[in-house]
Amino acid sequence: MRWGVIVFPGSCDEQDVYDCLKNNLRQKVDFLWHKDPLAGKFDCIVLPGGFSYGDYLRSGAMARFSPIMQGVVEFAQKGGLVLGICNGFQILCEAGLLPGALTRNASLQFICRRVFVRLEETDTPFTCAGKKGQLLKLPIKHGEGCYYADPTTLERLHKNRQILVRYVDAKGRTTPAADPNGSLDHIAGVCNEGRNVFGLMPHPEDAGEKILGGEDGLKIFSSVIEACDKRGKRAWLD
Amino acid sequence: MSAKQFPQPPVSADTIASHGFSEEEYRRIVQILEREPNFTELGVFSVMWSEHCSYKSSKVHLKLLPTDGPAVLQGPGENAGIVDIGNGLAVVFKMESHNHPSFIEPYQGAATGVGGILRDIFTMGARPIASLNSLRFGAIDHPRTPYLLSGVVAGIGGYGNCVGVPTVGGELFFDESYNANILVNAFTLGIAEKKRIFTGKAKGVGNPLIYVGAKTGRDGIHGATMASEAFSEESEKRRPTVQVGDPFTEKLLLEACLELMKGDCLIGIQDMGAAGLTSSAAEMAARGGTGVELDLSRVPLRERGMTPYEMLLSESQERMLLVVKKGKEEQVKRVFERWDLDAVVVGKVTRDRLFRAFFDGAEVVRIPVAALTSEAPVYTRPAERPQSQDDVQRLDLEKIEEPADLGAALKRLLDSPNVASKEWVFRQYDHFVRSNTVVAPGADAAVIRIKGTEKGLALTVDGNGRYCYLDPYVGGILAVAEAARNLACVGARPIGLSDCLNFGSPERPDVMWQFSQVVQGLRDGCIALGVPVVSGNVSFYNETDGVPIYPTPTVAMVGLLPQVARHVTPWFKSPGDIVVLLGRSREELGGSEYLKVIHGLAKGTPPWIDLRLERAVQHSCLKAIDKGILHSAHDLSEGGLGVALAECCISGPEKPLGARVEPREMMRGDARLFGESQSRIIVSLKEKDLNRLREIAEKEGAPMQVIGEVGGSRLVVHPLIRLPVDELKSIWSSSLERRLRDAR
């Protein structure tokens with residue numbers, strides 16, 4: 001399978017995603033420049049973390065207008081897999097590919113630390129290699145990660161089981177103290193109704209090796225690899 | 001000068017004085033030019049001859065520092081120092097102060113400090129991969145401290161996080177001495193291919209000068225001059241001289257420059273930092289042995305109606321000056337266009353060794369390059385040990401009452417913001433980005449791995465202003481010794497250091513005495529431990545209303561680990577491990593955190609140091625780590641053995657672990673627990689490896705004693721202390737946040 005990692009102006013984690021996929025999982029990966037149209041065969045497109053366009057207007061608000069995003073939307077509509085990490089999650093929400101919005105952390109401060117998230121659903125290409133209820137220890141680093149959705153949207157998220165990861169404590173319990181940014185319903189990541197677009201605030205790419213403090217992040221990427229293998233190595237975009 | 005004239009304000013006695021020149025200096029300008037300078041030239045001289053840019057008071061002292069070593073590729077004098085680390089790679093690093101701007105406008109002052117140091121690194125062809133910072137604030141209950149601290153930390157994070165460079169460590173120290181003059185020293189390290197290093201040289205007559213990056217505005221005009229004056233009530237009004245940072249543009253500039261450097265267009269490159277376009281152009285010409293000619297009409301401007309004076313002196317951020325091969329201009333522009341940045345030819349390299357600037361067809365500046373650089377004034381300022389120093393060093397321990405409850409004293413020390421956990425700070429910095437961070441902030445030194453190799457780098461920054469105040473010479477040595485010891489604790493051997501020397505006014509003999517003593521101390525520490533100084537800066541005039549700060553050198557040291565997987569962390573790992581103290585404890589309480597916190601005293605002499613013993617202890621620790629027998633290693637510093645043991649128990653990411661120890665030295669209890677004798681490291685290891693450690697220590701000549709065992713849920717220092725580690729952890733980890741909240 002082949003991965004594409006988009007480079008927006010102000011992306012910071014594109015190299016981390018690239019290295020994690022290439023060095024730890026022996027994947028084929030290409031960088032995609034935000035000014036180019038989306039061309040070539042890819043199985044999964046990653047929108048990495050960072051501060052696209054400086055996040056000056058609102059996180060992700062400018063990047064959705066990057067030329068490549070039109071192709072990403074079409075790719076997603078055809079069922080292609082799209083993974084947004086941190087700023088990538090924010091961009092996907094701004095682009096309307098994912099429901100809800102990410103607002104400033106409740107503490108009003110940037111937060112960088114490791115957190116536990118619980119896998120809530122495993123019937124998606126992003127979580128299928130895990131077990132329901134499994135805990136992953138992942139780094140977070142963001143200033144605007146407080147997830148919000150209006151009550152109707154939240155109800156739909158529950159009904160369709162679109163909440164894929166929640167912030168929990170080391171014992172797997174959702175508590176206010178375990179929620180680093182005040183997210184609604186402790187939501188750390190959601191997918192779309194089609195289950196082919198996933199955004200999360202934690203950074204799986206920075207938890208891909210024991211020497212960096214753990215490899216729980218690989219669970220997300222290897223889920224995608226497993227899902228694509230099952231689908232018969234089919235690329236979604238010609 | 002050419003016939004055409006650009007109208008300029010007249011140069012008067014007032015303008016000369018307001019530009020900070022002495023009469024003697026002005027006479028020298030007239031002598032060099034063989035005429036009176038015009039207003040713009042006066043401005044150019046004032047920034048280039050400012051203390052900040054010219055090092056005129058410190059130069060004669062800095063020459064003492066050892067700057068050579070077998071692996072040193074570039075010592076002081078360039079944008080940053082460079083050290084060979086093998087595998088065809090080199091590390092490029094430097095630390096710089098941004099004290100004055102950060103006090104006036106904490107967020108932007110600190111942010112642009114980070115921006116400036118990042119540019120110093122990538123301008124040499126290195127990708128920045130790790131930052132540190134060393135911060136000093138006034139007393140935590142001083143009304144301005146929470147505002148300044150929150151602003152500085154948010155500014156450092158706001159800039160560094162956005163550019164995608166992890167902040168992996170640093171230090172933070174509070175003392176009344178910094179109430180009205182905080183210190184913000186920012187360090188960045190980058191990694192480069194040894195063969196592709198760039199320097200700030202303007203070579204090749206006729207080659208174009210290209211301006212890239214952000215547009216020029218009126219911000220930061222005379223920033224370098226401001227940093228060369230003491231503070232007074234007026235300082236608040238200086239806010240307009242503080243630059244405003246744009247980390248997004250910096251990120252684009254970083255990527256564009258590194259992309260350009262892959263090709264073969266570039267001859268020389270320099271950041272427009274302090275003194276902006278003027279210093280970058282003049283310094284590049286000086287290094288290249290050439291002249292430069294600037295056409296200011298072409299400078300991209302943010303505001304209308306800017307004068308040549310303002311353009312030359314602006315310190316607008318995120319700008320670079322390039323010298324490229326003639327004929328490659330379009331190729332360069334294409335790279336910067338891709339990143340949506342301006343790239344404009346603003347001049348050329350000339351043969352005449354003159355710094356010339358034109359505006360609207362008229363020549364507005366014509367000064368010999370050497371007059372601005374190598375021939376700038378150099379002073380041997382008078383230095384004299386103040387008589388009050390005797391009084392400061394006087395400490396009669398018999399008059400210091402030993403607290404009845406030493407456990408309570410330990411708790412107060414752990415609650416001191418200088419000792420307490422700095423997590424409130426670190427969690428505002430991205431320390432994961434670039435996925436190299438092996439040991440995150442909070443250990444003796446940070447460790448990052450070098451991708452594509454088995455190696456790692458360790459980074460630390462240290463400096464105790466109180467020690468230097470009590471004895472600047474010893475304080476200078478201790479800064480180097482502690483930094484090297486911190487590296488040894490993670491398993492790294494030092495390869496070089498960068499320092500910031502923060503002092504009061506050099507026009508005061510007592511301050512110059514402190515300065516020269518500290519530099520001599522640094523020199524002796526560096527020579528004894530074999531560490532070259534490869535870069536750094538000096539920040540004078542850190543005083544307000546005539547009161548200088550503690551003399552504060554900060555030393556950022558870089559170490560190399562041949563095998564990063566073998567690194568060691570400070571906290572205890574498993575019950576049953578044996579606790580060993582390497583080094584020797586003496587009855588020393590002078591300058592200690594204990595004396596300050598418990599008795600309110602900053603007196604006495606700092607702990608003495610035997611550099612041979614220091615080396616023996618560090619080498620023992622390093623060799624034991626090489627053999628893979630240590631489970632933990634932690635340096636003893638502020639708060640002595642008591643605090644260090646507590647940190648071994650509680651600073652790990654997992655549940656705290658207790659320990660039971662009984663140090664043998666016979667001396668008063670408070671000195672045994674909280675004395676800050678140097679050259680000491682606590683290590684823990686399996687009992688079966690004890691003999692191997694003994695052999696190593698004996699061979700190196702380092703004293704060692706088995707003091708106890710890891711285990712249980714209490715820290716017991718028999719017979720002085722017996723406290724639950726959970727309680728210690730809760731005090732230590734919540735103190736900083738709680739105190740900041742209370743102070744508001």
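Which residues is T124(A) in contact with, leaving aside its neighbours within four places in sequence? In this predicted model, they are L164(A), C191(A), R195(A) and F198(A). T124(A) lies in the loop that runs between β6 (111-119) and β7 of chain A. T124(A) counts as buried because 22 C-beta neighbours fall inside 10 Å, where the cut-off for a buried residue is 20 or more. I220(A) is 96 residues away from T124(A) in sequence, but the two C-alpha atoms are 10 Å apart in space.

**The sheet of chain A**

Chain A has an open sheet of nine strands with mixed pairing, in the order β2-β1-β3-β4-β11-β10-β9-β6-β7. The edges are taken by β2 (28-33) and β7 (135-142) of chain A; each has a single partner strand, so one side of each is left without a neighbour in the sheet. On average, and with direction ignored, neighbouring strands of this sheet are turned by 25° against each other.

Two helices of chain A pack on the sheet. Helix α2 (residues 67-77) touches β1 (2-7), β2, β3 (44-47), β4 (81-85) and β11 (197-200) of chain A, and its direction makes about 125° with that of β4(A). Helix α3 (residues 87-94) touches β3, β4 and β11 of chain A, and its direction makes about 120° with that of β4(A).

Within the sheet, β9 (residues 163-168) and β10 (residues 187-191) of chain A pair in the antiparallel sense over three bridges. V165(A) has G189(A) in β10(A) as its bridge partner. The loop between β9 and β10 of chain A holds D185(A), which is not a glycine and yet has a positive phi of about 60°. D185(A) is partly exposed, with 15 other C-beta atoms within 10 Å. Another residue of chain A with a positive phi, although not a glycine, is L108(A), at about 65°. L108(A) sits in the loop between β5 (101-103) and β6 of chain A and is exposed, with 10 other C-beta atoms within 10 Å.

| Residue | Other C-beta atoms within 10 Å | Class |
|---|---|---|
| T124(A) | 22 | buried |
| D185(A) | 15 | partly exposed |
| L108(A) | 10 | exposed |
| E662(B) | 14 | partly exposed |

**Chain B as a whole**

Chain B has 26 helices and 28 strands. Its radius of gyration is 26 Å, close to the 27 Å that the globule rule gives for 744 residues, so chain B is as compact as a globular protein of that length. Along the principal axes, the C-alpha atoms of chain B fill a box of roughly 90 × 55 × 45 Å. Of the 744 residues in chain B, 63% are buried. Among contacts in chain B with a separation of 6 or more, 85% are between residues 24 or more positions apart.

Helix α7 (residues 106-122) and helix α8 (residues 145-163) of chain B pack at an angle of about 35°, and their axes are 7 Å apart. The crossing of α7(B) and α8(B) is right-handed.

Elsewhere in chain B, strands β12 (residues 354-359) and β13 (residues 362-368) run antiparallel and are joined by six bridges. L354(B) has P368(B) in β13(B) as its bridge partner. The hairpin of these strands has two residues between them, and D360(B) takes a positive phi near 60° there.

**The surroundings of E662(B)**

E662(B) is placed in the loop between β24 (659-661) and α24 (669-674) of chain B. Not counting residues up to four places away in sequence, E662(B) touches I707(B), G708(B) and H718(B). The peptide bond from H718(B) to P719(B) is cis, with omega near 0°, and P719(B) is in the loop between β27 (714-717) and β28 (721-724) of chain B. N542(B) is 120 residues from E662(B) in sequence and 44 Å from it in space, C-alpha to C-alpha.

**The contact between the chains**

Chain B gives 24 residues to the contact and chain A gives 25 residues. On the side of chain B, the elements that give two or more residues are α8, α10 (247-262) and β14 (437-439). The largest share, four residues, comes from α10(B). By class, this side of chain B has ten nonpolar, seven polar and seven charged residues.

How values were computed: Residues numbered from 1 in each chain as written. Chains lettered and ligands numbered in written order. Predicted model: local features only at pLDDT ≥ 70, side-chain atom pairs only at ≥ 80, totals over all residues. Buried ≥ 20, exposed ≤ 12 C-beta atoms within 10 Å, placed from the backbone. Contact = placed C-beta atoms within 7 Å. Rg over C-alpha atoms; globule rule 2.2 N^0.38 Å. Axes fitted to C-alpha atoms, helices over the stretch in contact; angles between N-to-C directions. Left-handed = near helix turned anticlockwise from the far one by under 90°. Nonpolar A, V, L, I, M, F, W, Y, C, P; charged D, E, K, R; others polar. Pairing = 2+ DSSP bridges.
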